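Biologist: Could you walk me through this one? I have not looked at it before.

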Amino acid sequence: MVSTRAMGAAGPRVFSGVQPTGHLTLGNYLGAMRRWAEVDQHRGDAVFCVVDLHALTVEHDPARVRRLSRQAATLMLAVGLDPQRCTVFVQSHVDEHARLSYLMECTATDGEMRRMIQYREKAARVTARGGSVRLSLLTYPALMAADILAYGTQEVPVGADQAQHVELARDLAVRFNQRYGPTFVVPKATLPGVAARVMDLQDPTSKMGKSEQTRAAGIVYLLDEPDVVRKKVLRAVTDGGSAVAYEPAERPGVANLLSVLAACTGGDPEGLAGSYGSYGALKEDTAEAVVEVLRPVRERHAALAADTGYVDGVLRDGAERARSMARPRVDAAYRAVGLLA
Ligand code: AQP
């Protein structure tokens, strides 16, 4: 029998995930994944997941989702997640997520779902292209709440764009507990100090997102070759004026570069601004800093991708462990709402 405190760590239960909706980006890494590897897996009892069911909320190609799911899992290991320290698995391998999602839909309201910024932005994009909005895009936060609550999660390390969904998961946990008795731990989001929202290099008023394939020039992918990274950063859109200052509202392009540089070198964006006399020098240093941060990730990915048996084994073991962690709480939730045990 696998323990529900998977790795025996004394720290908080941590859960987070990444969607296989595109190639993973520098935003995914600086906003979330780097902390999973450098901090969360060492201090807590951590669970990390390729949230593949979420990738079906927008139009998708089955073969691409399959490929990207494997790539995302391999990258999670490449950034440094250690299956001896934490649990790594694929969401659809553990039925408890979908089981609990339905109870979350029965706890949330239609109004709450429609207020979510991600739903409004993505639905508008789909509609503008003449497509139809999948119902699952609206109910996505119920599944995400299930992902989090099934594990008794205390902390959810995410980028700023996911903070609203974690807030909703908190609300649903509190509401469910009040209605049906104490069942869920109330989680909270944890955000990085810098680079909580890495912006698109070509449009620094938009988040660097992985699902828009048409915007590759402004997106640094974790597996981009060093020369491609350099080219993208050197061509980043900057703002009017020439003095380097950290003013996110007035100069979002420069502020974005300063944040990325700070996140990669351990500095702070305001302090770094003072050491640059020109945008060109800032871009050069940012490009090199990003190349160096991504170099070990690319190298480890190449080694791991050559050993698919190893990655499959990690995911199989991870799913078994995750199932045994989630099932007791999801069963308890089913009983609490009045379903026959
Ligand atoms: N630009 C970003 N800056 C900081 N953190 C980010 N994250 C994502 N983009 C940034 C964080 O990475 C984790 C995994 O993200 P996700 O897979 O849930 O979603 P996504 O990368 O935001 O991409 P989508 O939803 O597939 O498409 P887009 O971006 O086009 O809307 C999360 O913790 C997220 O906060």
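**Salt bridges and domains**

Modeller: The structure holds 16 salt bridges, and please keep in mind that this is a predicted model.

Biologist: What links glutamate 288 and arginine 230?

Modeller: Their side chains meet in a salt bridge, with 2.7 Å from N to O. This pair links distant parts of the chain, since glutamate 288 belongs to helix α11 (residues 279-305) and arginine 230 to helix α8 (residues 226-234), 58 residues apart. Glutamate 288 counts as partly exposed at 33% relative accessibility, and arginine 230 counts as partly exposed at 24%.

Biologist: And how many residues apart are arginine 114 and aspartate 110?

Modeller: They are four residues apart in helix α4, about one turn of the helix, and their side chains form a salt bridge at 3.0 Å, N to O.

Biologist: Aspartate 40, then: buried or exposed?

Modeller: Aspartate 40 is buried, because its relative accessible area is 4% and the cut-off for buried is under 20%. Aspartate 40 forms a salt bridge with arginine 43, where the closest N and O atoms are 3.5 Å apart, and arginine 43 is partly exposed, with a relative accessible area of 36%. The two are three residues apart in helix α1, so about one helical turn separates them.

Biologist: Which residues are linked in a network of salt bridges?

Modeller: That network links Glu96, Arg99, Arg327 and Asp331.

Biologist: Changing topic, how is the protein chain divided into domains?

Modeller: There are domain 1 (14-196 + 307-336) and domain 2 (213-301), and their centres, taken over C-alpha atoms, are separated by 28 Å. The contact between them takes 16 residues from domain 1 and 18 residues from domain 2.

Biologist: How much area do domain 1 and domain 2 bury between them?

Modeller: They bury about 1,500 Å², with 73% of it on carbon and sulfur atoms. On the side of domain 1, Leu26, Ala78 and Val194 lose the most area to domain 2, together 33% of what that side buries.

Biologist: How many salt bridges does the rule find across that interface?

Modeller: The rule finds zero salt bridges between domain 1 and domain 2, while four residue pairs are found in polar contact across their interface. The elements giving two or more residues to the side of domain 1 that touches domain 2 are α1 (26-43) and α2 (62-78), and the largest share, five residues, comes from α2. The residues on that side of domain 1 divide into nine nonpolar, five polar and two charged.

Terms used:
Residues numbered from 1 in each chain as written. Predicted model: local features only at pLDDT ≥ 70, side-chain atom pairs only at ≥ 80, totals over all residues. Heavy atoms only, no water. Domains from an automatic or database assignment. Contact = heavy atoms within 4.5 Å. Buried area = accessible area lost by both parts, 1.4 Å probe. Salt bridge = Lys/Arg side-chain N within 4 Å of Asp/Glu carboxyl O. Polar contact = N/O pair within 3.5 Å; in protein donor to acceptor, adjacent residues only side chain to side chain. Nonpolar A, V, L, I, M, F, W, Y, C, P; charged D, E, K, R; others polar. Buried < 20%, exposed > 50% of the residue type's maximum accessible area, 1.4 Å probe, protein only.
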